[in-house]
Amino acid sequence: MKIVTILCQKGGVGKTTFTVNLGKILSNRGFKTLIIDTDPQGNVSTYLNLNKDEENIINSTDLLEKNYDKKIGSLSENLYIIPSNKSILKHNDEKIIGGPKLNRAKDFLASYHFDIVIIDTPPTISSLTQEALAVSDYYLIPAKPEFLAVEGVSQAMSFAKITISSIKKADPIFLGVVLNQVDTRRASFKDFETELKFLLSDKMFNSKISQLTEIADSPFYSKTVLDFKEQSRARLEFLEFSNEFIERVGL
Ligand SMILES: Nc1ncnc2c1ncn2[C@@H]1O[C@H](COP(=O)(O)OP(=O)(O)OP(=O)(O)O)[C@@H](O)[C@H]1O
Ligand SMILES: [Mg+2]
């Protein structure tokens, strides 16, 4: 079981879009996949048209509170979801270094024999993201090429580093940065890419996702890129990204 956290304190960079589409593609390729939402906004459920307040399945607050008596919700044969809702806010502390609360959950999750677990996190510097990092093997940062984005990425990287060095046994590997909502026609894009490559070298994914209206619209219809036509750009780009992800994680 490999656990990957998707994080960035900046809002709207694509954390949930990557969580949902990557989760869907990996499960479709036969990997037993779990998505855990730790964001009080509960967007994973909204994107997938699920009820985030469903009481009969385990949610991320239960996971933090070690209530393992409910079952994990399943969306399709290989795709499982642990949703989040506002109840998780009581565990959100913006000052305290979190960490070990989720540790026991690892044994519980291991009993399901997942191949991959993807954790979506809130757009804040918070102990919820630290909890996710503390149990992860890898972390991934999506970035949207826009003003101050390089600063956003370096803040996310240093937040992760500080967290990892303050929590015993936390040792996730930085998978890299993946660019999202790319519009290569914008004059600033090349400068942005060059600056980021300088900061990251090989920690930048070769594949990137363009700014595409079909991706922007997909949550409205609870669609993932796999619901699009075979030759659709969104689908092809996400499949390419997923291949690179599989290679980098060693799935
Ligand atoms: N490649 C893309 N092209 C067009 N729209 C996109 C793309 N990626 C994401 N979006 C849209 O941008 C918005 C923000 O994406 P998303 O919710 O995935 O970001 P987030 O980082 O999870 O946000 P938050 O920080 O609020 O949790 C959504 O409306 C989403 O549909
Ligand atoms: Mg989100």
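Which strands and helices are included in what covers the buried residues of H5?

1. This is a predicted model, in which local features need pLDDT of at least 70, side-chain atom pairs count only at pLDDT 80 or more, and totals for chains, interfaces and linings use all residues. Residues are numbered from 1 along each chain as its sequence is written, with chains lettered from A and ligands numbered from 1 in the order in which they are written.

2. The cover over the buried residues of H5 includes strands S1 (2-6), S5 (116-120) and S6 (138-143) and helices H3 (60-64) and H6 (149-166). Contact means C-beta atoms, placed from the backbone, within 7 Å. Helices (H or I, at least four residues) and strands (E, at least two) are DSSP runs, numbered from the N terminus.

3. In H5 (residues 127-134), 8 of the 8 residues are buried, so the helix is largely enclosed by the rest of the structure. Buried means 20 or more other C-beta atoms within 10 Å of the residue's own, with C-beta atoms placed from the backbone. Glu-131 and Gln-130 are among the buried residues.

4. Strand S4 (residues 79-82) is covered on both faces, with Leu-79 and Ile-81 buried on one side and Tyr-80 and Ile-82 on the other. S4 pairs in the parallel sense with S2 (residues 33-37) over 4 bridges, where pairing requires at least two DSSP bridges. Leu-34 stands opposite Tyr-80. S3 (residues 73-76) runs antiparallel to S4, joined by 3 bridges, and the two form a hairpin with 2 residues between them.

5. Around ligand 1 there are 18 residues, the closest being Lys-15, Thr-16, Thr-17, Pro-123 and Ala-216; near means a C-beta atom, placed from the backbone, within 6 Å. H1 gives the most to this shell, with 3 residues.

Methods. A residue is buried if 20 or more other C-beta atoms lie within 10 Å of its own, exposed if 12 or fewer, and partly exposed in between; C-beta atoms are placed from the backbone. Two residues are in contact if their C-beta atoms, placed from the backbone, lie within 7 Å.
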